[in-house]
Amino acid sequence: MRVEKLSIQALRCLDDVTVEPAPGMNVFIGANGAGKTSLLEAVFLLSHGRSFRAGARDALLQRGASALTIYAELVRDDGQRRRVGLGREGQRWQARLDGQSAPISQLVSECAVVSFDPGSHALIAAGAEERRRFLDWGVFHVEHDFLDLWRRYQRALKQRNSLLRAGETAGSLYLPWERELDDTAQAITVWRKHYLDQLLVLVTKYVAQLVPELGSVALRYRQGWGDEWSLGETLAAQRYRDMGRGHTTQGPHRADWTVSYEYAPLREHLSRGQEKLTAVACLLAQAELFAQHAGEWPIVCIDDLASELDQIHQAGLVGQLRDAHAQILISGTDCPPSLRSDALLFHVEQGRVSPLL
Ligand SMILES: Nc1ncnc2c1ncn2[C@@H]1O[C@H](COP(=O)(O)OP(=O)(O)OP(=O)(O)O)[C@@H](O)[C@H]1O
C-alpha cells in the first residue's frame with residue numbers, strides 16, 4: 001500500500017501542502033519546527049483517526065483556521081485505488097472514502113500506517129493503554145468482526161457503569177449487561193491472545209536482529225480480570241466495590257501485555273535504547289503480520305530517525321524495510337547516510353514542502 005498523493009490544509013503549521021511521495025523511500029528534511037512531524041502525523045491520522053503525539057486534538061487545527069483537511073490517494077499493491085479524506089470543521093470530524101461520507105472506522109480499515117516516532121518507546125515503558133491500542137489496531141486489521149464485538153462490549157460497559165453511578169443495588173438490572181460483557185470479553189480475549197501468538201513469531205525474528213544480547217523474548221497477556229473466575233462471576237462479586245469507584249474495574253478494557261527477555265525479565269532492566277529497539281521490533285512485527293494477512297505492507301512512517309537510533313540500528317531498520325518493498329516516509333534534520341542513494345528527498349521549511357532535485 002502506498003500514498004501517491006497527499007494534500008493537507010491547516011494542520012498545525014502546514015497551511016496548504018501537496019506532496020507526491022515515491023513508492024519506496026522518502027525523506028523529509030528540515031530544521032526544527034519546520035513541519036516534518038506534522039506531515040507524518042497527517043498520514044497517521046488517516047489510518048488511526050488520532051495523532052501519534054500526545055496532547056489535545058484541538059492543537060492539530062492551525063491557529064486562526066476554522067477547518068482542517070487531509071486527503072490522500074492510496075494505491076494498493078494489486079492496483080486498486082482509494083481516495084481517503086479526514087476533515088475537521090468546528091468540533092466535528094468527518095471522514096470521506098471515494099468522495100462519500102464514511103465512518104472513521106472505515107477509513108482506518110482502508111488505510112494502514114505503522115509509525116515509529118519519539119513517543120514509540122511508550123509502547124514498552126508507559127501504561128497499558130498504549131499497548132492495548134497497539135494490540136487492538138493489529139487485531140482490528142486481521143479479524144474483521146473485532147470492531148463489532150468491541151462496540152458490543154463498550155455498550156454493555158457503559159450501561160453497567162451508569163447503573164453503578166446511579167447506586168442501583170438490584171442484581172437483576174446488572175445481569176443482562178454482565179452476561180453480555182462476559183460473552184464479548186471471552187471472544188475479545190481469544191482474538192487478542194491469538195494475535196499475540198502470531199506476533200511473537202515475528203517479534204522473535206526482529207529482536208534477534210536488533211537486540212540479540214537480551215536473549216529469547218516472551219509476550220505475556222493479562223486479560224484484565226483473574227484467571228480463576230469468568231468475567232461474569234467476577235463482575236457479580238465486584239458490584240459493591242465497583243459502585244464505590246463509580247466504574248467497572250475489571251475486564252478486557254483493563255487488559256495489558258508485556259515483553260520480557262531471557263536476560264532482562266523486567267522492563268526496568270532495559271536501557272532507554274533497548275526500549276526503543278523493542279518498540280521497533282514490535283512495530284516491524286505488526287507491519288509484517290499485517291502484510292501476511294493483507295498481502296501487502298502498510299505504509300511505514302519514521303519520525304526523527306537519526307535522533308532515535310544509532311547509525312548501525314538505523315541502517316538495520318532501513319535495510320529490513322527496503323527488503324520488504326514498503327513505502328517509507330522518514331523525517332529528520334538531515335538525510336541518514338544509508339538513505340542517500342535511493343530515497344526521494346523533500347525539503348520542509350516553514351510549513352512548505354518541496355522535492356529536492
Ligand atoms: N495549531 C497550530 N497552529 C499553528 N502552528 C502550530 C500549531 N501546532 C504546532 N504548530 C507549529 O508547527 C510547527 C511544526 O511542528 P513539527 O513538530 O511538525 O516540526 P518538526 O519539523 O517535526 O520539528 P522538530 O524537528 O523540532 O521535531 C512548529 O513550529 C509548531 O510551533
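This is a predicted model: local features need pLDDT of at least 70, side-chain atom pairs count only at pLDDT 80 or more; totals for chains, interfaces and linings use all residues.

Reader: Is Asp98 buried or exposed?

Author: Asp98 sits in the loop between strand E6 (92-97) and strand E7 (100-102). It has 11 C-beta neighbours inside 10 Å, and the limit for this class is 12 or fewer. Asp98 therefore counts as exposed.

Reader: What is phi of Asp98 near?

Author: Most residues other than glycine have a negative phi. Asp98 is a residue other than glycine with a positive value, and its phi is near 50 degrees.

Reader: Phi of His325 is also given as positive; where does His325 lie?

Author: Phi of His325 is near 55 degrees, in a residue other than glycine. His325 counts as partly exposed because it has 14 C-beta neighbours inside 10 Å. Its place is in the loop between helix H10 (311-324) and strand E12 (328-332).

Reader: UniProt places a "binding site" at residues including Asn32 and Gly35. Is Asn32 buried or exposed?

Author: The feature comes from an unreviewed UniProt entry. Asn32 lies in the loop between strand E3 (25-29) and helix H1 (36-48). Because 8 other C-beta atoms lie within 10 Å, Asn32 is exposed.

Reader: And is Gly35 buried or exposed?

Author: Gly35 has its place in the loop between E3 and H1. Not counting residues up to four places away in sequence, it touches Arg12, Cys13, Leu14, Gly30, Val348 and Gly351. With 25 other C-beta atoms within 10 Å, against a cut-off of 20 or more, Gly35 is therefore buried.

Reader: Which residues does Tyr71 contact, leaving aside its neighbours within four places in sequence?

Author: Tyr71 lies in strand E4 (residues 67-75). It is partly exposed because 18 other C-beta atoms lie within 10 Å. Tyr71 and Val84 are 13 residues apart in sequence and 5.8 Å apart in space, C-alpha to C-alpha. The contacts asked for are Ser7 and Gly85.

Reader: How do the residues of the contact of H6 with H7 divide by class?

Author: The axes of helix H6 (residues 171-210) and helix H7 (residues 231-245) come within 8 Å and cross at roughly 140 degrees. That angle makes H6 oblique to H7. On the H6 side the contact is made by Tyr174, Glu178, Arg179, Leu181, Asp182 and Ala185, and on the H7 side by Leu231, Gly232, Leu235, Ala236 and Arg239. They divide into 6 nonpolar, 1 polar and 4 charged.

Reader: What classes of residue make up the contact of H6 with H8?

Author: H6 and helix H8 (residues 272-294) have axes that come within 8 Å and cross at roughly 135 degrees. H6 is therefore oblique to H8. Among the residues that meet are Leu199, Leu202 and Tyr206 in H6 and Leu277, Ala281 and Leu284 in H8. By class, the contact has 13 nonpolar, 3 polar and 1 charged residues.

Reader: How far apart are the end C-alpha atoms over residues 3-331?

Author: UniProt, in an unreviewed entry, lists residues 3-331 for "domain: RecF/RecN/SMC N-terminal". Over these residues the chain is 47% helix and 22% strand. The end C-alpha atoms are separated by 16 Å.

Key
Residues are numbered from 1 along each chain as its sequence is written. UniProt positions are given in the numbering used here, feature names are shortened, and annotations may be inferred rather than shown by experiment. Helices (H or I, at least four residues) and strands (E, at least two) are DSSP runs, numbered from the N terminus. Two residues are in contact if their C-beta atoms, placed from the backbone, lie within 7 Å. Axes are lines fitted to C-alpha atoms, for helices over the stretch in contact, and angles run from 0 to 180 degrees between N-to-C directions. Angles under 35 degrees count as roughly parallel, over 145 as roughly antiparallel, 65 to 115 as roughly perpendicular and the rest as oblique. Ala, Val, Leu, Ile, Met, Phe, Trp, Tyr, Cys and Pro count as nonpolar, Asp, Glu, Lys and Arg as charged, and the others, Gly among them, as polar.
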